[in-house]
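This briefing covers the chain contacts in the complex shown below.

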Amino acid sequence: MEILVCVKRVPDATENEISVGPGGTDISREDLVYAVNEWDNYAVEEAIQIVDRVGGNVTVVALGDSEAEEVVRREMAMGAGQGLMLVDDAFRGADGLGVATILEAAARKGAYDLILTGAQADDGAAQVGGMLAALLDWPYASLVNKIEGEAGTLRIGRELEGGTQELSEIDLPCVLSIQTGINEPRYVGIRGIRKVASVEIPVLDAAALGLAAGAVGGAAAKARRLDYFIPAAGAGAEMLTGSTRELASQLVDLLKLKGGLH
Amino acid sequence: MPFAFLSPASAVYLGVPARLVFLLIPLAGAAVFIHMMIRRVRPLLAAAPDPRFGDVPARLWLVLKLWLAQWRQPRYFVAGALHILLFFAFLVLGLRSTQLVFLGFMETFTLPGFGGELGACYNVAKDYAATVCLLSVVLLAWRRGVVKPERYKVPAALGKDHTGEALLVLGLIGTLLVSESLFEACGLAAAPGEGAWAGTLAWAFRHLLAGCPGGFLGHLGVAAYAVHDLTFFYFLCLLPRGKHFHVITSLFNVFFMRLEPGHVKPVRHDVRDADLDKLETFGVKKLEDFTWKHLLDFYSCADCGRCSDQCPANRVKRPLSPRFITIKGRGHLFERYPLAGPQATGPAPLVGGIYSEDEIWSCTTCGACEEECPIGIEYIDKIVDLRRGLVEEGRVPPSLQKPLSSIEKRGNPWGKLEKKRADWIAGVGDGLKVKTADAGDAAPDLYFVDSMTSYDDRMQKIAQATARILGRAGVDFLILGKAEKDSGHEVRRYGEEMLFQSLRDENTQAILDCAPSRIVASDPHAYNALKHDYELGVPVTHVSELIQAGLRSGKLRPKPVADPTRVYTYHDPCYLGRHNGLYEAPREAIDAIPGLKRVEMAGACRDRSLCCGGGGLNLFYEPEEAQRMGVLRVAQAAQAGANVIVTACPFCLTNMEDAIKVAGLEGRMEAVDLCELVDGHLQA
Amino acid sequence: MATKVFALIAHNAGQPDDSALELLAGARTLFPGCAPVALVAGSGPDVAAAAGAAAAAFGEAWSFDQAQLAYPNAELLRPLLVKALPPGAVVLLPHSTLGMDLGPGLSVKLGVPYLPDVVGCQASEGDTLTVVRQEYTGQVSTHVQAQAGQGAVLTVRSGAFAPAGAGSAPGRVLDKSAEAEGLQARRRFLGVVAAQAGDVDITREDVLVSVGRGIGEQENVALVEELAEAMGAAVACSRPIVDAKWLDKSRQVGTSGLTVKPKVYLALGISGAFQHVGGIKGSPFLVAVNKNPKAPIFQVASVGIVADLMELLPELTTQIQKAK
C-alpha cells in the first residue's frame, strides 16, 4: 500500500507554556520547543505498521520551511521510507483550506492508496484531513483508532464520545484522520535521527505543484485569525467561605454555571 | 605374612593389566574434557571485545581477596562458611587427586616437591581436609535437599528445579572423598603399624578394615581407586555442563572482573565515540553482541541466588531476577553452542526470546547484585547493553519516551523551561547571592545541581541548603544556571547513549568554560556521572565530603539537635554508597550534631542498603510490581527503631516521602535530606 | 442578510440532545433575529418525534427520514446536505465526533469558510462573522473572522452557549426525505462497540473529580465516587492513590500519569504538586478543596475551599442530588 502521511511541526504541547506575544498577533515564540504534532506521530506509526504488515511505502509530507524538515526527518528516522517537503513563500499564512489545497496538489502527484493525517493539531481545528478528502473526492473518516485490511476496503474503528467505538467499512483510496492511542509509537533516538541526517528529501514549490501564486496563501484565506488574547481571569483562587452547608451550596451553583453537572 | 599393598598399577584382572585401564581412563577423560573446553571457549572468541588485560596487580589482588580468601562468601554466613570449607578442601585435595591419577599406572608417584617434609605435612592436611569436606558436603546436601532456602528456588515458568543437579554434584564430591579415604585406608591397613590421622575419614575406614585379610584389602583398594578415577574424570567432564563450571572459571572470572564500580561500558570497547555513527547496530540484541567477559559470566554462575536475593526489583516482584538473567543466558549459550553437533544458526533475538522487555527495564542499576556476587559476575553493563539494543529499535516504554524527549528538548525530564533552572537561588537567603555562569561570574568551585534538585519544588530546598552550607564553609562557588543540562546519568543507563553523549558534550563545554578547579554535587547521580561518565579532568566531590571537611576544620559548627527524642537512621544512596564507597562522610556529618541519636538498619546498611526505587528516569517508569521499593525501605527504618530517615539524594528523598505516605506512616516517620539536616543545625 | 441559518440536530430516541438548544442560542447570537432551521436526519418514527420537538424550539425543522440514515454517517449526511441546502446557507454543527467528521468536507463541497470549535461569537456585521476559538489546548484564545456571503459552516463547542429557551408554538416540520434518496456511501456503518464497563478514559472526560492523599483512608474514596456519580463525572486521582492501589492506574492524572483537559476539575485533598498539576491542561474551572490553606493547589485553582473533606463531600453530594 502506498501511504501518504501529512505531518505538521508544532510547538510541543507539553513542553511549553504558551502565552500571547507582544502585539497580540501571534503567540510568544520565545523559548518554544517544537516537535511533530502528537496526532501525526501516531499516524506515522500506524502507517509504518500497516506497511510492515502488507508491504508498500510510507511517505511523510510537511508544509513549511527548512525547520519543518526536522520533523519529516524524525518521522523518517522512525521508519517512514520517504520524505517530501512543500515549500514556497506563497504558502505563507494559508488557512486550513489553503493547507488542504496544497496537500491535494501533492497527493495528486503520487499514486497513493491511503492518506493519513492526525485528528487535530495545535490550533484544534481538526479540519485539514476532512477538507483534503473532499478536495480529492475520497471517502473520509475522522478520529480513527483502528485500521484493518489491505486492498480495496478497510475496516476501521472511530472513537466516539465516552470511549465507544464505531466500526465501519471504507473504500480505498481514502483519507483517515488518526486519533491518539491507536498504537504505541516507537521511540526515536538520537542515533536514529543521525542515521537519516543526510538522506535527500525532495522539495516541491507552488509551481511544481501546479498552484497559482496567491491561490493558497494568507491573502486567499477564507478564515482569518485576527489576534491572540487571554480572556480575563482572576488572580489565584477565589476562596469561598461559610458553613459546610453554605460552601456546598455555593459550589453547586458554580458547578452548574461552569457545566460541571451532567 | 607380610602383605605388600596391591598397587592399582600392578593389578591384573581377567588377564588385563589394570594399568592399561587406569591409563585409558585419564586419557579419555582428558580428551573429552579438552574437547569440551574448546567448544566452550569458541563463543568467547566470537563475542565482542573487552579489554581486561591491564592493571594486573589490581587484578591479582582481587583474585587473592575474592577467589582465594573467599571474601564475599561469609555475607551469607552458613552457606558461606560451608563453601569456604569445601573450597579449601578442593584446593588441598586437588593435589592428592592429581597424584592419584598417576598412581593408576605407576606403582609409586609423588608430585614434584612433595617428597619429604612437605609431603608429610600435606598427608596430614589432606586427610583432615577430606573429612571436613565430607562433613560440609553432607550439610550442604541437607541445605539443598531439606532446608531449601528461598533463594535457590526456581519459579515454575523458568524450568525445573536445580536441586537435582546440586545433589548429584554433592554426591559425586562425596564419592570422591569416600573413595580416596577408603583407598588410603586400605593401603594403611595392609601395612601393619601404619596408622591414620585420628579423627579423619581414613582413620575411620582404617579401623573398620582392621583385621581384614590382605587380599581383600588389596582388591578393595583397587576398587576404591577405580571408583575414584572414574568419578574424578566423570566429574571433570561434568563441570563444563552446568553450574559447576565455576570450579574452573571462577578464578578467571574474578581476575577479569570490573575493577571500579560506577562506570558503564562504552557501546563497543573497540569503537571510539566519534565512530559510533558508523556502527551497524547498537547494543546487545543477540548472544554474540555480548563481550566475552559477559559470556564468561554466564559460564561462571554458581546459581547461589544471592544476587536475586539482594535485588530490590526482585524483592518487589518486578519481572527481574538477576540470577535468571544469567541462568537463561547460559542456557541459551549452551543451546546455540552445544558440546556436540553444529552451532545453531538463524536469528535468536534475546529480548523477546529468553528475556522480556519488562525484565530489562525493571533494573534500577543499584548494583546490589554485583556487590554480592562472590564470583564477580556483572549485570549493569549487560542490562545497559540490552537497553541500547531496545532503544535502537524504538522499543522504549511509553512512560519513558516523554521524559527522554523532554530531556532532549529542554534539558530536563519535566520539560520545564531552561531559563527557570536557576530560579531556586532566590530562596537561599542567608545573605548569600549564588553566583551563576549566566551572569558571567567566576569561582574556583562549581556546584552542579542537576535537574531534580533544580526544578522540583521540594528538592529545591536541598539546593538552597547546600548553597548555604557551602557559603558557611567558605567555599567560593558558582552554578552553571541556564546552561546546565541534565547530567544524563540515567539517560545513559537506560540505553539512550547518543542523547547522553550530546548532554555530556554540552555540559562538559559549559563546565570547562568556567574553568573550575573542583566540582561539587549534592545529587549522587550527578556526582557519579561527572566522576565516571564524563571525562572532565577536574576532581568531583560530594557535598557530604565537604561537610565532613568543614566539620573537621571547625568552619561548620553544629548546634544541638532540635528534638533529642527523635531517632535518626541514614539510608545509603546507591550512587553514593555502593557505586562510590562513600559511606562514612555522611555518617560523620550526622553524628557531629550533639545529642542526635542515630541507629543503623542492621544488615541493610552500607553496601547492603536497599535501593529506594531509583533516580532519574526511574521516577517515570511504571513497572509491574507488588509494591514500591521505598515502602520496603521505610519499613526497615521503622523496624530499626527510627522515626527519621536521612538521605543524601533527592531521588531517595522523593521515594522515601512518597513511601511514607503510601505506607500510612505520615506523622510517625519523616524523611530529610542530609544537607537540610546539617543546614538546620549550624550555629549562626 | 438573507442568509438562511441551519443547525444539524443530534437526537436519540425521538428527543433532540442538549446540543440542539445550544446551537439555537449560538445561531441567535450570531444572527440576532434570524429564524434558524433545525435539520433532523434518521430513520423511522423517532425522526418525526425529534423533528417535532426541534421545530417547537426552532420554529422550523426539516426532517430526512431514510433507512440509510438510521445511523448518523457523515459520509451520507454530507452529500445530503449539499443537495438539500439552499445556496448561501450557514450551517451550525455541534463540535462532536460527528461534527468533526462532517464539517470540514461539507465546507469544501459547499465552497464556504469553515469555523470549527467555536467557543463564542459576536453578532455578525453584514456578511462578516467574528467568532472566538481557542488554540494550544485552551492556553490562548483567538478571534477569527470569515465572510459568510456565500454561506459558512461552523462547529460549536459543547457548553459554549447556554441553551436557548425553547419556544412555545409547535413550529413547522418540512419533510425533505425525498432529498435523501439514492445516497451512495463509500463508508458503511457496521456497528458500535461500547466502552468496557469501568473502562473510563479520563483524558476524554469533561468533568473530573480527582482525589489525593488528603482523603485519608481507602474507604473514604467511596465518598468521592458517590460525588462523581451524582455529578455525572469521572473519578481521577493523584499518584499516591494509585501507589496505594486504591484506584487503578488509568485514573492517575499527572506527569507520570495521564494528561487531562476537562472543563471542570475538582481537586480534593490534592496538594497541587507539579507532578499532578502538570497533567491538567487547558485551564479548566478548577475547584480545590484542601485542609491546608497554604497548599500550592490554591495558586492554580479558580475556586478554593479550606475544609474537611469528610464533612464537605457528603453535604455536597446530597445537595447535587437534590438539584437534579
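In this predicted model, C:Lys109 and A:Asp137 pair through their side chains in a salt bridge, with 3.0 Å from N to O. The rule finds nine salt bridges across the interface of chain A and chain C. That interface also holds 34 residue pairs in polar contact, both residues being at pLDDT 80 or more.

**Chain A with chain C: elements and composition**

- Several elements of chain A each supply at least two residues of the side that touches chain C, among them helix 4 (128-136), strand 7 (140-148), strand 8 (153-159) and strand 9 (165-171).
- Strand 12 (223-229), strand 13 (238-239) and helix 7 (244-258) of chain A also belong to this group.
- Helix 7 of chain A gives the most to this side, with 11 residues.
- By residue class, the side of chain A that touches chain C has 36 nonpolar, 21 polar and 20 charged residues.

**Chain A with chain C: extent**

- The contact involves 77 residues of chain A and 73 residues of chain C.
- About 6300 Å² is buried between chain A and chain C, and 58% of that area is on carbon and sulfur atoms.
- Of the area that chain A buries against chain C, 9% comes from A:Lys222, A:Phe229 and A:His262, more than from any other three residues.

**Chain A with chain B**

- Chain A contributes 22 residues to the contact and chain B contributes 27 residues.
- The two chains bury about 2000 Å² between them, with 43% of it on carbon and sulfur atoms.
- Six salt bridges are found across the interface of chain A and chain B.
- One of the salt bridges joins the side chains of A:Arg194 and B:Asp277 (3.0 Å, N to O).
- Polar contacts between chain A and chain B come to 13 residue pairs, with both residues at pLDDT 80 or more.
- On the side of chain A that touches chain B, the elements giving two or more residues are strand 3 (34-36) and helix 5 (190-195) of chain A.
- Helix 5 of chain A provides the largest share of that side, five residues.
- That side of chain A is made up of eight nonpolar, three polar and 11 charged residues.

**Domains of chain B**

- Chain B is divided into domain 1 (12-241), domain 2 (273-393), domain 3 (399-552) and domain 4 (555-679).
- Between the C-alpha centres of domain 1 and domain 4 of chain B there are 47 Å.

**Confidence**

- For the complex, the predictor gives an ipTM of 0.88 and a pTM of 0.86.
- The average pLDDT of chain C is 88, and 95% of the residues score at least 70.

Definitions and conventions:
Residues numbered from 1 in each chain as written. Chains lettered and ligands numbered in written order. Heavy atoms only, no water. Domains from an automatic or database assignment. Contact = heavy atoms within 4.5 Å. Buried area = accessible area lost by both parts, 1.4 Å probe. Salt bridge = Lys/Arg side-chain N within 4 Å of Asp/Glu carboxyl O. Polar contact = N/O pair within 3.5 Å; in protein donor to acceptor, adjacent residues only side chain to side chain. Helix = DSSP H or I, 4+ residues; strand = E, 2+ residues; numbered from the N terminus. Nonpolar A, V, L, I, M, F, W, Y, C, P; charged D, E, K, R; others polar. pLDDT = per-residue confidence, 0-100.
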